[in-house]
Amino acid sequence: MGTVGTRRTGRSRRSATAALLAALLAGGAATACTREAPLDDGRGNPPPRTGATEGPARPASPAPRAASPLVVKIDNVPGARPQTGLDAADLVYAEQVEGGLSRLMAVYATRLPDAIGPVRSARESDLELLRQFHDPTLAFSGAQKKLLPLIGRAPLRTALPEEKGSAYYRDTDRPSPHNLYLRPRRLLAATPGSDALTTGFRYGPAPAGGTPERTRTVRFPQARFTFDWSGDRRRWLVSMDGTPAVTAGGKRVAASTVVVQYVHIRASRYHDYLGNVTPYTETVGSGRAKVLRDGKAFDAAWQRPAATGGTRFTTADGAPVNFAEGQVWVVFARA
């Protein structure tokens, strides 16, 4: 990553064609309910259709530019673990979803793993969070039916299984809906590069002060994230719901910097198939935060005046809070 995260204004996406919008709206199957996992939100996506039953081909989204990151919605209920490709992300957002559960949004710019997943559905507040990036490619497995038109008008490129079937596969050793995976190299021609990380984050030496900290836990109503400092690895080891987070290949998930960002979480206009209201995480505005790096916790303030810009983190005297080089986790906690 570069030393300073740059900002870029969002560019309006070209209007979706009528055929694509109709295909998306018709893709209610993409949000088909499942009762196999009671802790899930019921928005599993069926496998991409192939062969004569597929019907007319859907128009493909244009290939993304190099400065556009890949963003993948990743399942995070217990049945979805261990995840694949999470360790390769430059940035991981942890957000609250229906029923107090959690979901991950992973941003890839400097590395593309062989596979990422399990891939799951998008939420309304994702669109506000993604405005900070230039024309990002969003890989997801569906969304609430009434939300699909908003996604279609957002300044991003969609990569649904219905559109990019060759980039997805189902792991037959896992139960649906926790078995849909993305092959990112079949979706992007090249690694986007660090210029795609227009987050507003700064990287460099730690600020003065800070409080020594060995562990920090952030709780959602039905999920929790714990970060334990490893002096040997110079990383925060990630645990989820009390269990160490490892990838499908057995690699421990670890972050160089962890941000606990306190935000307003309100009810959105949408709900899941059980009637649980979908939370909306407000990421535009300001508030307080805790930044964990180098075995210390730093009090910080966050500011994001507009959706088209990144988020700045500063100390009490207004100095920027630099992050450590490496993977960053941002956990959105209720203010």
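**Buried charges and their partners**

Glu95 has a relative accessibility of 4% in this predicted model, so it counts as buried, the cut-off being under 20%. Its side chain meets that of Lys73 in a salt bridge, with N and O 3.0 Å apart. This pair ties together distant parts of the chain: Lys73 sits in strand S1 (residues 70-74) and Glu95 in strand S2 (residues 91-96), 22 residues apart. Lys73 is likewise buried, because its relative accessibility is 0%. Salt bridges that share partners also bring in Asp126, so that Lys73, Glu95 and Asp126 belong to one network.

A second salt bridge joins Arg120 and Asp75, whose closest N and O atoms lie 3.3 Å apart. Here too, distant parts of the chain are linked: Arg120 lies in the loop between S3 and helix H2 (124-130), while Asp75 lies in the loop between S1 and S2, 45 residues apart. Both Arg120 and Asp75 are buried.

With a relative accessible area of 2%, Arg103 is buried. Its side chain makes a polar contact of 2.9 Å with the side chain of Ser121.

For an exposed counterpart, the reader may turn to Asp299, which counts as exposed because its relative accessibility is 55%, where over 50% is required. The side chain of Asp299 forms a salt bridge with that of Lys290, at an N to O distance of 2.5 Å. In total, the structure holds 15 salt bridges, among them Lys73 with Glu95, Arg120 with Asp75 and Asp299 with Lys290.

Key:
Residues numbered from 1 in each chain as written. Predicted model: local features only at pLDDT ≥ 70, side-chain atom pairs only at ≥ 80, totals over all residues. Heavy atoms only, no water. Buried < 20%, exposed > 50% of the residue type's maximum accessible area, 1.4 Å probe, protein only. Polar contact = N/O pair within 3.5 Å; in protein donor to acceptor, adjacent residues only side chain to side chain. Salt bridge = Lys/Arg side-chain N within 4 Å of Asp/Glu carboxyl O. Helix = DSSP H or I, 4+ residues; strand = E, 2+ residues; numbered from the N terminus.
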